Amino acid sequence: LNVLRSRLLGALAAPHGVEGYFGLVRPMWSPRDRRAQLIAVRRLSADSVTMTLRPTQHWSGFRAGQFIRLTVEIAGVCETRCYSLACAEQTEGEIEITVRAHMAGRVSRYLYRHARAGMVFGLSDAEGGFVLPRVRPERLLLISSGSGITPVMSMLRTLCAEGHPGAVTFLHYARAPEAVAYRAQLAAIAARHRRVRIVLVYTRQASAGQLAGHISRAHLRSVEPAHRHAHTYVCGSPGLIDWVRAAWAEDGIEQRLYVESFLPPVLAGCASGAEGSVGFTRSGARVRSDGRSLLDQAEQAGLRPRFGCRMGICRTCTCSKTAGSVHNVLSGETSSTDEEDIQICVSVPVGDVELAL
Amino acid sequence: MGTTETFPLTSEQSEALGRELDAIRRRVLADLGERDADYIRAVIRAQRGFEVAGRGLLFFSFIPPAWLGGVTALSLSKILDNMEIGHNVMHGQYDWMKDPALNGRNFEWDNACPGEHWRHSHNYIHHTYTNVLGKDRDVGYGMLRMSDRQPWRLHWLGNPLYAALLAIFFQYGVAVHDLELDRMLAGEMTLGEKRRELSAVWQKVRQQTIKDYLLFPLLAGPSAPLVLAGNATANLARNLWAFTTIFCGHFPEGTVQFTEQETAQETRGEWYYRQLLGSANLSGGELLDVLSGNLSHQIEHHLFPDLPSHRYAEIAVDVREICRRYGLPYNIGPLGRQFGSVVGKIARLALPGRPRRGGRALQHPPEDLAHDLVAAAADRTQARVAGGALDRVLAHVAGAAVDL
């Protein structure tokens, strides 16, 4: 690998770089680009696909709870999406993600139908601040719903693999048992680890003696009465996250709550957003602002900017704003008018804005 | 203006023309997919293959056939890299793929010209102001007289010589294109204003020189002089070929140059109209298409510069049909004839005198007198000539309605 990175070879391969030659023959030998090869495919639930991937050698690893951006080529177009890793930090040289096929999800449906061993995808370094602290808390409460199970699954597996001595409560909400991809794995963990308590709650299927329906104070009392003393990690639907946020605020323990949201925040129609115009300096296009995100407006104008998560976390769509001020609906901040890189998927214009698109 | 007498379009017609061409564009955009991705990747694989084979063979260049084979393969590599890959990728023709390796914004080619400068001088300037005298710097590259509408000066006697030198050193001509050396010589700007561009050109020229004329020859040990000669020959072959195909795109007899005034208030339909009149195609076949980077379909390329180039052949069928319906010329001919016509024009324009009349397609209509009058009193810069004076006189002489 170091040979491939040498300056001499670089000078000989200019301007395309060594990558431009080896990448065509052996994508996994890439000295620069990070990629992942699919080595195993399992379908653990009716609507999901679980993929084991082997990243290229120089991939920099991850912390439990983080996500990666996976780039999949579909009909000639490289589509990039964010997926939380579901495996333990200790799994050397392999990572695992579970993708739930969404009705309108181009990438998730493609992977669900076509994923097979040997495929090579683009991979990003792991990102995201939804991680366990290095010094593990004594009590942990992991709450998830639906496909939000993956990052907390990674946390749970990591804690088990390192022999975490503290108490861990894992509370997961799903429609029905068959919708839980990791049901077997969770049962195995529960059988082996005395201090891990796993509770699966089904929202559409109640059975005697079990909790049912959506999260409530009663659920909390029954599952983890000492939740005030726990560090809580939540990933799931907006309803779940909103409820937990409110309850934790009521109890005054928000500082021990860590949230990962994988659904786009609703763009509050900012009155100032619908005034002025948005200019795209590279393409020469210009539109009257309609108050939606700059990414939406760029696409409306016929441009095809790169994007990933469309919710302000992956920074794929980051581009240079050359003039004007924007409101970041995620952070709630309004920027200065300086030239700067902004995430166009969560930025709405405040007056006239120019983007280098 | 000069052209409207011959091919007048009412504003409704040019609007309709714009709509029809826009419809072609939308149709192709909606159809982009795996076929286009496969095509460009196949060309890239072929180019990289030729390059590796060419460089490899040149290590054995003490065997004459190996030298010849090496030079041929490396020439093909450079031609494919510049023409079908670099030029088209840098147009953003494959940006929709969202593949960083095919991103028009970052792509770099095997050529002395920095990609960034090319994107400016070519994608923006040339494609926006195509054939507009004083605006489009591709008209003569600031060193040649390519139009009757450029006033004659004594130094234009060297027109054929300058053209030959430009052809031989074409990649360097392109490399300094964006520096606007002619404007520096004319004292309109200083070297200091272009310091950043100058440094980028220096970096790129150095990178290319080190690779082709230092490292690869040295690696070949005793064959170093042969490798160096081989690399120089491949660069020369690419230079001559690129010059030939590019000059066939806008300068065969029949292509039209415009003035800034004529194009000041252009609509989209009129922009299409100018691209049609200012460009010329080469008839040949698939091999010519690939090797010319589909500049054999220069007309289609200028109408739709950001559609994948391998689509031009199929688009051409519709464009020809549209031209026929609107009574517009569609300038096409075999490479030999078109290039012969360019060479003839370069030689003819070395001398003063009246432009040739008649012939195929449109010539510059009855503006000769105007042209001479204006030329006599012309300012040093083409831009100012192109401004008011020429058009006012033209309007009198030709009595023509200026509607572009």
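## Reading the labels

Mentor: Let's start with T233(B), which lies in helix α9 of chain B. Bear in mind that this is a predicted model.

Trainee: Why does T233(B) count as partly exposed?

Mentor: Its relative accessibility is 31%. Buried means under 20% and exposed means over 50%, so T233(B) at 31% counts as partly exposed.

Trainee: And which residues does T233(B) touch, not counting those up to four places away in sequence?

Mentor: W67(B) and V71(B). Contact means heavy atoms within 4.5 Å. There's also T72(B), 161 residues apart from T233(B) along the chain, with 9.1 Å between the two C-alpha atoms.

Trainee: What does chain B look like overall, in helices and strands?

Mentor: Chain B has 17 helices and two strands. Of its 404 residues, 57% are buried. Among contacts in chain B with a separation of 6 or more, 72% are between residues 24 or more positions apart.

Trainee: Why is α10(B) called largely enclosed by the rest of the structure?

Mentor: Count the buried residues: ten of the eleven in α10(B) are buried, so the helix is largely enclosed. The buried ones are G269(B), E270(B), W271(B), Y272(B), Y273(B), R274(B), Q275(B), L276(B), L277(B) and G278(B).

Trainee: What covers the buried residues of α10(B)?

Mentor: The cover includes α1, α4, α9, α12 and α13 of chain B.

Trainee: Take α1(B) from that list, then. What is the angle between α1(B) and α10(B)?

Mentor: Helix α1 (residues 11-31) and helix α10 (residues 268-278) of chain B pack at about 80°, and their axes are 7 Å apart. Angles of 65 to 115 degrees count as roughly perpendicular, so α1(B) is roughly perpendicular to α10(B).

Trainee: Which residues make that contact?

Mentor: On α1(B), they are S14(B), L17(B), G18(B), L21(B), D22(B) and R25(B). On α10(B), they are R268(B), G269(B), E270(B), Y272(B), Y273(B) and L276(B). By class, the contact of α1(B) with α10(B) has five nonpolar, three polar and four charged residues.

Trainee: What lines the largest cavity?

Mentor: The largest cavity holds about 240 Å³. It has 25 lining residues, and W118(B), Y141(B), F170(B), I246(B) and L295(B) are the closest to its centre. α9(B) gives the most to this lining, five residues. By class, the lining of the largest cavity has eleven nonpolar, eleven polar and three charged residues.

Trainee: And where does the second largest cavity sit?

Mentor: Its volume is about 110 Å³. Of the 16 residues that line the second largest cavity, the closest to its centre are R100(A), G146(A), S147(A), A179(A) and A181(A). The largest share of this lining, three residues, comes from β5(A).

Trainee: Last one: which residues are closest to the centre of the second largest pocket?

Mentor: That pocket has a volume of about 1700 Å³. It is lined by 47 residues, with R35(A), C78(A), R41(B), D99(B) and P100(B) closest to the centre. α2(B) supplies the largest share of the lining, six residues. In classes, the lining of the second largest pocket has 17 nonpolar, eleven polar and 19 charged residues.

Technical notes: Residues are numbered from 1 along each chain as its sequence is written. Chains are lettered from A and ligands numbered from 1 in the order in which they are written. This is a predicted model: local features need pLDDT of at least 70, side-chain atom pairs count only at pLDDT 80 or more; totals for chains, interfaces and linings use all residues. Side-chain values use heavy atoms; hydrogens and water are left out. On a 1 Å grid over the protein atoms alone, a cavity is a set of points where a 1.4 Å probe fits but cannot get out, and a pocket is an open set with protein on both sides within 12 Å along at least five of seven lines; lining residues have an atom within 4 Å of a point. Grid points are joined across faces, edges and corners, and a volume is the space filled by probe spheres set on the points. Helices (H or I, at least four residues) and strands (E, at least two) are DSSP runs, numbered from the N terminus. Ala, Val, Leu, Ile, Met, Phe, Trp, Tyr, Cys and Pro count as nonpolar, Asp, Glu, Lys and Arg as charged, and the others, Gly among them, as polar. Axes are lines fitted to C-alpha atoms, for helices over the stretch in contact, and angles run from 0 to 180 degrees between N-to-C directions. Angles under 35 degrees count as roughly parallel, over 145 as roughly antiparallel, 65 to 115 as roughly perpendicular and the rest as oblique. Buried means under 20% relative accessible area, exposed over 50%, partly exposed in between (1.4 Å probe, protein chains only).
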